[in-house]
Amino acid sequence: QLDLSNNGVGAEGCQTLSAALGRLTALAQLDLSNNGVGAEGCQTLSAALGRLTALAQLDLSSNMLLLEGAQAVASSLVHLHLLASLNLRYCGGAWDLNGPPYSPHPPPLSPSPLSTLVTTFFFSLLSWSPSPPPSAICNAIYLIL
């Protein structure tokens with residue numbers, strides 16, 4: 001288990017962390033919540049995350065992933081066959097799974113970076129061989145609902 005939550009890792013720290021994660025292939029839980037990781041940090045981490053094949057829990061909550069970061073994370077998730085818990089709360093800016101901020105005249109809805117990540121992950125499950133584990137399918141369905 002590695003809990004680096006609330007440490008201000010940021011994009012620069014993700015470079016160092018990425019090198020270290022490459023050697024922690026047995027890591028089962030990783031918490032990077034509230035670290036200012038952002039899109040650039042996710043792009044840096046994506047390859048290292050994909051090598052964490054024992055990872056069962058990943059928490060990236062409260063980081064502004066945005067579309068580029070969401071796509072980078074989604075590309076690494078297809079390798080995490082044991083992933084059972086993925087926390088992405090408060091990652092997509094104003095529009096994420098937690099709903100839009102209050103506005104008397106809200107802008108038209110458009111796909112959020114977070115919904116893009118979830119959709120990409122869900123459809124990537126279909127390409128797994130052998131079939132994806134039931135926990136991954138249930139997790140993806142839970143996130144979409």
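## Overall architecture

Along the sequence, the protein follows the pattern β-α-β-α-β-α-β-α-α. It contains five helices and four strands, where helices (H or I, at least four residues) and strands (E, at least two) are DSSP runs numbered from the N terminus. Of the 145 residues in the protein, 41% are buried; buried means under 20% relative accessible area, exposed over 50%, and partly exposed in between, with a 1.4 Å probe and protein chains only. A contact is defined as heavy atoms within 4.5 Å. Among contacts with a separation of 6 or more, 78% are accounted for by residues 24 or more positions apart.

## Basis and confidence of the model

This is a predicted model, in which local features need pLDDT of at least 70 and side-chain atom pairs count only at pLDDT 80 or more, while totals for chains, interfaces and linings use all residues. Residues are numbered from 1 along each chain as its sequence is written, and side-chain values use heavy atoms, with hydrogens and water left out.

The average pLDDT of the protein is 75, and 63% of the residues score at least 70; pLDDT is the predictor's confidence in each residue, from 0 to 100. One covers residues 94-111, for which the model has 18 contacts beyond four places in sequence. The other covers residues 140-145, with 10 contacts beyond four places in sequence.

Asn-6 is exposed, with a relative accessible area of 53%.

Leaving aside neighbours within four places in sequence, Ser-5 is in contact with Asp-31, Ser-33 and Asn-35.

## The loop between E2 and H2

Asn-35 is placed in the loop between strand E2 (29-31) and helix H2 (38-50), and Asn-34 is found in the loop between E2 and H2 as well. Asn-34 has a positive phi of about 55° without being a glycine, and is partly exposed, with a relative accessible area of 42%. Asn-35, by contrast, counts as buried at 3% relative accessibility.

The side chain of Asn-35 reaches the backbone oxygen of Ser-33 at 3.2 Å. This is a polar contact, a pair of N or O atoms within 3.5 Å; within protein, one must be able to donate a hydrogen and the other to accept it, and residues adjacent in sequence count only if both atoms are side-chain atoms. Beyond neighbours within four places in sequence, the contacts of Asn-35 include Leu-4, Ser-5, Asn-6, Asn-7, Gly-8, Val-9 and Gly-10, and also Ser-62 and Asn-63. Asn-35 and Asn-7 are 28 residues apart along the chain, yet their C-alpha atoms are separated by 5.8 Å.

Asp-59 is located in strand E3 (residues 57-59). The residue is buried yet has no salt bridge, and the nearest side chain of opposite charge, Arg-89, is 8.7 Å away. Here Lys and Arg count as positive and Asp and Glu as negative, while His and the chain ends are not counted; a salt bridge is a side-chain nitrogen of Lys or Arg within 4 Å of a carboxyl oxygen of Asp or Glu. Apart from neighbours within four places in sequence, Asp-59 is in contact with Leu-30, Asp-31, Leu-32, Ser-33 and Asn-87.

## Cysteines

The structure holds zero disulfides, a disulfide being a pair of cysteine sulfur atoms within 2.5 Å. For Cys-14, the closest cysteine sulfur is in Cys-42, at 7.0 Å, and is therefore too far for a bond. Cys-14 is buried, with a relative accessible area of 0%, and Cys-42 is also buried, at 2%.

Leu-83 is placed in the loop between helix H3 (66-77) and strand E4 (85-87). At 1% relative accessibility, Leu-83 counts as buried. Leu-83 and Leu-52 are 31 residues apart in sequence, with a C-alpha to C-alpha separation of 9.8 Å in space.
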